[in-house]
Amino acid sequence: MGRIWTVCSGSGGVGKSTLALSLAVGAAKAGKQTVLLDASGISRSCDLILGMESVVVLDMVDVIGQEADLRAALYRVPQYDHLCFACASLYDSVPFSELSSAMLALHTQCEILVIDLPTGQIDLGEELLRRDDERIIVTRPDDASVRAAERIMLRAARGEAGMRLAINRMNRNAARRGMQYDASTVETILDCQKVACIPEDESIQAAAQKGRAAIECKGPARHALLDMVTTLLGTA
C-alpha cells in the first residue's frame, strides 16, 4: 500500500490544485511511483495544465460501475516518468463513500497517491487514511482564507492522518505592512504546524502555460515546493 497525501482547502483560489500537482510531480521526479487523483469534478484543472484534457475519458465512476478496468482509467503523464493521472469523476462530485473500492485499488498501484480534494472537504473516510498519511491544508495568509481553513479543520475526523499547513502566496512585504499574516501567526491561529511557506511567484503561471507544474517554475516558489516534497517523503 502506498502513502496518501490529501490536499485540502477551505476556500477556492488558494492554489490547492497547483500544489497537488506539484507534490505529485515532485514525488515522481524523486523516483516514486505516483498517482495524482483529481477529485475536483468539473472544476478540475490538473488535466488542463498537463495538456491531457482531451485524453482523459474514463474515471473512477466508470471503474466502480465495471464499465472500465482500473488500468484503463489510469493515464500515464508523458512529460513525467513514474506519474499517472486519474479523475474521480469527470462530470460531478461523487461521495468518497461510493469510491472506496476504487480508491483502495488505486492505493495498491503506487507508492504515493496524491488526492486533490474538492474545496471544503478534508476527510476520505476511516477505512482509507492511516497514521502515516498526510492531510495538507492549503491557505493563503489572509483572514478569509485562514478562517475558511479553520472551519474545515474543525470537521476533520480524529485519529486519521496528521494535518499540516501549506501557506501559499506569501508576500513578505505585504506581511510587514499588515496586509497579510506572517507564517507564525497562521500556525498559531490554526494550531497546526506548517510544512511549507510558498512565496508569491509570477513564474508559476509561465510554467503552467508550458504544461509544467509549479515545482518546475524558475522563481522562488520552486525551492519551497521542492523542500516540501523532501519533507513529506522523509516523514515516517
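## Reading a sheet and a buried alanine

Thr-6 stands opposite Arg-135 in E6. That pair is a handy way into this predicted model.

Q: Which strands pair around that spot, and in which sense?

A: Look for the bridges that join two strands. Here strand E1 (residues 3-8) and strand E6 (residues 134-139) are joined by four bridges, in the parallel sense.

Q: What is the strand order of the sheet that holds them?

A: Walk across the sheet and note each strand in turn. You will read E3-E4-E2-E5-E1-E6-E7-E8, an open sheet of eight strands with mixed pairing.

Q: Which strands stand at the edges?

A: Count partners for each strand. Strand E3 (75-76) and strand E8 (194-199) have a single partner strand each, so one side of each is left without a neighbour in the sheet.

Q: Let's turn to a loop. Where is Ala-213 placed?

A: Find the elements on either side. Ala-213 is in the loop between helix H8 (203-209) and helix H9 (221-234).

Q: Is Ala-213 buried or exposed?

A: Check the relative accessible area against the cut-off: buried means under 20%. Ala-213 has 1%, so Ala-213 is buried. Leaving aside residues up to four places away in sequence, Ala-213 touches Leu-21, Ser-22, Val-25, Tyr-80 and Ala-207.

Methods. Residues numbered from 1 in each chain as written. Predicted model: local features only at pLDDT ≥ 70, side-chain atom pairs only at ≥ 80, totals over all residues. Heavy atoms only, no water. Buried < 20%, exposed > 50% of the residue type's maximum accessible area, 1.4 Å probe, protein only. Contact = heavy atoms within 4.5 Å. Pairing = 2+ DSSP bridges.
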